Amino acid sequence: MSRALPKYNKRRVAIIGGAAAVALSGAVIAGSALAGETSKSNNGQAARTKASPGTVSCPAVAPSLPAIPASAKAEVDRNLALLNTQIAEANKRLVDTVGQGGPNFAQNAIVGPLKDKRVATINRIATAIGRTAAKPQGLDSLAPCTLNAGAAAGGGAAAPSAAPTQQAGGNNGNAGNGGNAGNAGNTNAAGTVSCPAVAPSLPAIPASAKAEVDRNLALLNTQIAEANKRLVDTVGQGGPNFAQNAIVGPLKDKRVATINRIATAIGRTAAKPQGLDSLAPCTLNK
């Protein structure tokens, strides 16, 4: 019996040692898997925070224009307002498509087409002036725009800017950080304004009022684009009612004045349309 005891002890040591080895192996495997998951999560977060939509920067056209004949002023003003609308739309598209496409996406799909739109609009300005005065030359050189630094040339990944622009879905100026967009109670999302269309509610427009009506319809679009830009520029500022009180409310007042000018212009030579003020209020989309 004294010789059986050592065998028993040996078996017990072997069993305990094997169990310890299995437990240690399991811990190593679990730790490796956890480390891999953490690394993957961190890399995903880093990829999300690298995307930055940026903004487009375009030369001002108005300062390069000669004296504008009175007969061309309405058309020139309308197209100058359209240039602003085109820039605002391009900036909004940069925000909406952040992270899409390859390295040249923004340049090819947004900045390039913006130049083509600006060429056409600037040519209309020059043609309007040229009907009754010397047609300005060389304005096409003002058509190209640049994509501001701090943005990927294509809404793909880019190194974050030192002073990133606040954009929709960003968190305290961290442009492109889409991880916070849509979180409950996140007041940092810029959102957009939604306003009723005015043109479909207008009666037949007398020829004498068409230029003024068109100019004010374009101005309504410009006002919306400016409000959307301000929502982006002020994201994270003020309290929960800041956007409603400081942007959406004043936008309604601007629209009331512009819509009234449209009704007045029509009313000079035809029946003045009534009830258009009901189209002035806008809503804030989140």
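This is a predicted model: local features need pLDDT of at least 70, side-chain atom pairs count only at pLDDT 80 or more; totals for chains, interfaces and linings use all residues.

The protein contains five helices and four strands. Following the sequence, these elements are arranged as α-β-α-α-β-β-α-α-β. Of the 286 residues in the protein, 35% are buried. The accessible surface amounts to about 15700 Å², and carbon and sulfur atoms account for 57% of that area. As for contacts between residues at least 6 apart in sequence, 76% of them link residues at least 24 apart.

Let me now turn to the helix pair. Two packed helices are described by the distance between their axes and by the angle between those axes. Here the pair is H4, residues 207–233, and H5, residues 242–267. Their axes come within 9 Å and cross at roughly 175 degrees. Because angles over 145 degrees count as roughly antiparallel, H4 is roughly antiparallel to H5. Which kinds of residue form the contact of H4 with H5? The contact comprises 17 nonpolar, three polar and six charged residues.

Finally, I draw your attention to Asn228, which lies in helix H4. Is Asn228 buried or exposed? Its relative accessible area is 14%, and since the cut-off for buried is under 20%, Asn228 is classed as buried. Leaving aside residues up to four places away in sequence, Asn228 touches Thr192 and Val193.

Thank you for your attention.

Conventions:
Residues are numbered from 1 along each chain as its sequence is written. Side-chain values use heavy atoms; hydrogens and water are left out. Axes are lines fitted to C-alpha atoms, for helices over the stretch in contact, and angles run from 0 to 180 degrees between N-to-C directions. Helices (H or I, at least four residues) and strands (E, at least two) are DSSP runs, numbered from the N terminus. Angles under 35 degrees count as roughly parallel, over 145 as roughly antiparallel, 65 to 115 as roughly perpendicular and the rest as oblique. Ala, Val, Leu, Ile, Met, Phe, Trp, Tyr, Cys and Pro count as nonpolar, Asp, Glu, Lys and Arg as charged, and the others, Gly among them, as polar. Buried means under 20% relative accessible area, exposed over 50%, partly exposed in between (1.4 Å probe, protein chains only). Contact means heavy atoms within 4.5 Å. Accessible areas come from the Shrake-Rupley method with a 1.4 Å probe; for residues, only the protein chains shown count as cover.
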